[in-house]
Amino acid sequence: MTDLRWLADPRLSPDGTRVAYVSRSLDHDADEVVSRVGVVPTAGGPTVWLGAGAAPRWSPDGRLLAVSRGETLWLVDVTTGGERQIARQGGGGVTEAAWSPDGRRLAVARAAAVQSADGMRIDGLPGLYRRHRRVQVVDLDGRPRWTVPGDAHGPQWSSGGRLAFLTDRFGGWGDLCVATGPDDIVRVTDGAGPVRGFAWSPDGSRLAYLGHKHGDAGDVNLRLFLTDPAAELTADWLHGLGNPVRGDDPRGTGDAPVVWSAASGRIYTEVAVGGRGPLAWFAPSSGRSGRVFDGAHTCLSPSVGGGRLAFVRSDALNPGDVHVADEPMGRSRAVTDANPAAVRAGAPMVPVPVPGIDAWLTAHGGGRQPLLVNVHGGPHGAVGWRHTAEVQRLAARGYAVLTLNPRGSQGYGEEFATAIRGDWGGVDWQDVTAAVAAAAALPGVDPDRMAVWGVSYGGFMAQWAIAHTDRFACAVSENGISDFLAAWRSPFWDLPMGGAPWSSPRYVDRSPLVHADRIRTPLLLVHAERDQVCPIAQSEQMHAALRLLGRDVELVRIPGEGHLMNLHGRPSSRARRAAAVDAFLDRHLRPSGQTNA
């Protein structure tokens, strides 16, 4: 894990000759996830490192990079390496900065969590907080010019000097707005659903944005819309945009990248097509659309500049490198070589034929191996052809790891994703059992040594599985749900459960806790103490029930971490979690006296 490098946020210079990007890694000495910014020529050559930082943004003349470093913003001269600080500590961390088209000002976005008695629960933090996000326009010496009123994030300037941003200030599920000053703000969308990303047209006359009009539904497709005049470009698209194939790092989460190329006139964004992750493109002038760079990999974070397209490409064996291609359909080439050969020498991933769904087996081979069945979280994501560090780590320890996209996953259209509304543990469980049967029949798998494991929704499925079958030797549930009635805090759950708690029986009959008396399979519960999405009480309840019943159950608490510990957790927390999982699996899946691989 120390050797892994996760590349993210590539940004082409205006002339397309260089790419700035971020490299994230685990620093075990500092016990934190660290990031640094590098610049590499698109023609090939070594990376020039500019020090710690994130969110690099080029000035219009290509001479400077704005780089965020915690609560500060720095301007770095790419040629000389000289730098100066222009935004100081206070007001929250700098998430990004956007250059005005004349290069004289920056719109600086900050985010902070402020403790408040009338606030809400924010994952990873104890108590009640308000999320405070703001955008302030400053001169290059740091002097403030004006501040966007209320909540604001994700600023982007048009070529004509208008500032667009995302906001929750109007309530609803979020909006896209445009401003020329603090007193001139125009609401572009109507708040009927989320806006996940946007881009200005090269001439500054239109906006393209990703969103939908179905409230907080997480199982419907994000679609691509245009303004002035209003239009939709995805009416005939099966696959939802802005929700790429997932791994166990944060790339591809949060707001979705949308870029509009001045050279080709095309709009690019991420998409999951089953377990593959090409880029989707749209040409507003002709109405045409398609996919580019399709294959056994996942493309993330597209950027355009100087007639070129840059993105990060990851596959089952490589956490990812920055790739560059000439538009519109040039062949991409890697301009970085970030991860050592030892990282890339992982276990191969091969498809497992299962009717109706995609599934894969990751294993080094060599005899009949114990099978780990991994159900992804969400549930409305997709796994597939992308590096997942934990899958490779467990494969290196001698396990065959089955991953799959049961019904409810994205990447297969809305009918597939919405199939589990009001039916968690129904058709999705049927898909899991079908995939397990197919994998168990493979010659390299030992069907007598199988475990089921998952995080979040996958943790729910691990508990549900052992309440409905005894075919697994053990199970691991991480940050999972055992009691949907206790989880209900807002109408968010009404779609998954088929209604409100007073109208749907699913809160009870689909809760694994209700079926705890059926569980006789050894269970490891791992839970982050600051999980505000699936609070630790969910695992505490199941632990208490199974102990009362005299069953084999363990609970490992991870202090100081939130629900997305697998994406953002400290190295020490990851190590503690891995040690607990390894000891548990070794005890239940390995014959007496067998050593680890």
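Two strands count as paired if DSSP finds at least two bridges between them. Strands (E, at least two residues) and helices (H or I, at least four) are DSSP runs, numbered from the N terminus.

This is a predicted model: local features need pLDDT of at least 70, side-chain atom pairs count only at pLDDT 80 or more, and totals for chains, interfaces and linings use all residues. Residues are numbered from 1 along each chain as its sequence is written, and side-chain values use heavy atoms, with hydrogens and water left out.

**Exercise 1.** Describe how β15 connects to and pairs with β16.

*Solution.* First, the link: a hairpin of two residues joins β15 to β16. Next, the pairing: β15 (residues 175–181) and β16 (residues 184–187) are antiparallel over four bridges. Finally, a pair to look up: A179 has I185 of β16 as its bridge partner.

**Exercise 2.** Find which residues make the contact between α4 and α5.

*Solution.* On α4, pick out D428, W429 and V432; on α5, take Y457, M461, W464 and A465 (contact means heavy atoms within 4.5 Å).
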